[in-house]
Each structure stands twice: as structure tokens, then as C-alpha cells.
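Okay, thanks for coming, everyone. Let me put the model up on the screen, and then I'll walk you through it.

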Amino acid sequence: MEDVARLAGVSSITVSRVLNHPDKVAESTRERVMAAVEATGYIPNSVAGSLASRRTRVIGALVPTITNSIFADTIDGLTDVLTPAGYQLLLGATGYSLREESRLVGAILAQRPAGLLATGLQHESQGLTLLRTTDIPIVETWNVDGDPVDMAVGFSNFEACRAMVATLARRGARRIGFVSAPTTANDRAEQRLRGYRHAVRELGLDTDARLEREAKFSFHAGAERLVEMIAERPDVEAIFFANDILAIGALFECQRRGIRVPEDLAIAGFDDVELAAQVNPGLTTVRIPRYRIGREAARMILRRLEGERVEPRVLDLGFEIVERQSTPAGT
């Protein structure tokens, strides 16, 4: 707090008043203090100052959403390791917003957690400053295509999409469409789109921009993007969706329209959710280690808390292409 006060040209009492009772401080003073807070990366301590270690037995975790089962599996992995070790999980949902992530990073760090898990390697500048200046273990998850703040565990979204396109091409598809998640503020979605584009170019496939679409994850959106793509490119041979929910929505729409899968159109997804194996035809997809991501992230944090050196800092758990009946069988 002294650093903030010195930079803002005010007393420590004034800094405390701005942070706890901002309505009682002049606007110009508030602005100077908050600018100094951001510049120094200062985190107000909302935990009782009598705590000797100034750390709690809490691990913070930030995920984009808790309504998607893929992140629920990662949370399960975290708790299955942390709970027996005597740690509790403090969960925050960012809503795929980097600004909200920054706010939640500050709020969680104010609770003096022992460690923190974030989703992805992309962060807003304020959130990134907070992550870099804290002295607790940080694990970024679901992406290993980049340089982490501290540690990372996950898989290559780029290589996973590249591999799926190559699989579809080996099954005879030359005109392969791709439906991506929104790439804004989502490095995983951006890497998946890059992987698709790279594979299309290196394999000499159709690169028509009309074969690309973007959609939020829902059954309805998957159906909509399917209808749009076959209207503009009726000769499309396969559509790869960046999420199983989108792919299954498209699969249902094909059944409603009498489009035979995979004879008329191949469909592939990403994640290998439980429903992917239950639909008819079964969905070809990318299986990712959602549960293991959580377990390994928790283990990395605990090892660091025990004073161990964690190597490698970036743990790539890989992925698996699971071929089912929604794409042509191999010969």
C-alpha cells in the first residue's frame, strides 16, 4: 500500500479510504489512486491481517462457463486432488470475457489464495499484470501453444484441428467446412481456426472463405451454420465443428432434412462429450483429456507449494482422434 500511496502522492490512509469507501473521496484523488493501484499491481487484502502466513488453503480457478460439461470435468479433476490435500476450490466464471477475467483475478487474489488456475493463455493487460506480479503458483490450462505466465497444462488446439482435417482428407473429403467458436478473447478458438486453415493449405484442399463460419456453442447454432453452409456451398463434403454440441445440432438438422450422414455429408466435432457416442450415427470427434487437465494442474500447484521445482513448466497431455460413424470408414 505504501508504494501506491507514494506513486499517487497521497497517504496510506487515503489509499485505504479509496479502496474501502470510494464515495467519500474526491474523484480526482480516486483516479490517481486507482491508476497507481493498476501500475503497481497492488491487491487489497480482504483476509484478516492476523493470518500469520497471509495465505489461505484455497485455490482459485477461473473457467469460461460452468454450464458446459467440458469444464465441469476439469473442475472435478481439480477437486479430486485438492480436497484430500486439505484445499478448497474458489470458482469464478469469466463468461469468455477477458475484462471479467481481470476483475475476477483481482477479487480472488484479494482472498490470498494459495494458488490460481486460469483457462487459456490470453489475458487482458490488467489481469496479466496481476498474474505476473503475484507470488503464488499460477497454472494456465486448455492451451499449450504459447508462453505461460508460470506453468501450463493442456493440449495443442492447433495440432488437434490440423489432425482432424487430415483425417477427413484421408477419408476422401476435399471440400471441408469449419465452424469455429467466437475467436475474440478466446485463444483456444483462435488456435483451432489456425489449425484448420493450416491443414487446408498444406493438403491442397478448397480454401473458399464460404467454408468457414463462427458460432456460439448450442444445438441451434450448429443447425443454423449447417443450413447456411450447404446453401452457399452445396458441394461441401465434410463439416468440422469446433465443439460437439454444434456438431450434434448439425447432425440432428441433417436428419430432419434427409441428408445422409456420412454418405451425403460427413460431420465431425471436438471434445468427445458423453453424448457424442450415444447419437446415431456416432460422432467422430477430438477426444481431449478434460479431467486429467484438472488433476495435473492441481498436482503442479501442490508440488510448487511444497517447494518442488516443477518440470516441465508446460505439460502437453495430447489428444486423440476418435472415428465413429458420422465420417466414412477407413479402407
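So, domain 1 and domain 2: their C-alpha centres sit 29 Å apart. Where they touch, domain 1 brings 4 residues and domain 2 brings 8, with contact meaning heavy atoms within 4.5 Å. Before I go on, this is a predicted model, where local features need pLDDT of at least 70 and side-chain atom pairs count only at pLDDT 80 or more, while totals for chains, interfaces and linings use all residues. Residues are numbered from 1 along each chain as its sequence is written, and side-chain values use heavy atoms, with hydrogens and water left out.

Back to the domains. The chain is split into domain 1 (2–44), domain 2 (56–155 + 290–317) and domain 3 (157–287); those bounds come from an automatic or database domain assignment. Between domain 1 and domain 2, about 490 Å² is buried, and carbon and sulfur atoms give 61% of that. Buried area here is the accessible area, with a 1.4 Å probe, that two parts lose on being put together, summed over both. How many salt bridges cross the interface of domain 1 and domain 2? The rule finds 0, a salt bridge being a side-chain nitrogen of Lys or Arg within 4 Å of a carboxyl oxygen of Asp or Glu.

The count by that rule does come to 29, though. Asp73 is in helix α4 and Arg290 in helix α11 (residues 290–305), so to speak distant parts of the chain, 217 residues apart. Helices (H or I, at least four residues) and strands (E, at least two) are DSSP runs, numbered from the N terminus.

On a 1 Å grid over the protein atoms alone, a cavity is a set of points where a 1.4 Å probe fits but cannot get out; a pocket is an open set with protein on both sides within 12 Å along at least five of seven lines, and lining residues have an atom within 4 Å of a point. Grid points are joined across faces, edges and corners, and a volume is the space filled by probe spheres set on the points.

There are 2 cavities of 30 Å³ or more. The largest holds about 120 Å³, and of its 14 lining residues, Tyr96, Asn186, Arg188, Arg192 and Phe217 are the closest to the centre. Helix α8 gives the largest share of that lining, 3 residues. Domain 2 and domain 3 each supply at least three.

The second largest cavity has about 110 Å³, and its lining includes Tyr96, Glu101 and Arg188.

What about the second largest pocket? That one has about 200 Å³ of space, and among its lining residues are Tyr96, Asn186, Lys216 and Phe217. Domain 2 and domain 3 both contribute to the lining, so the pocket lies between them.

Last stop, the backbone. Val261 and Pro262 are joined by a cis peptide bond, omega about 10 degrees, and Pro262 is in the loop between α10 (244–257) and β9 (266–268). Another cis bond joins Asn280 and Pro281, with omega about 0 degrees; Pro281 is in the loop between β9 and β10 (285–287). And Arg112, in the loop between α5 (98–109) and β3 (115–119), has a positive phi near 55 degrees despite not being glycine.
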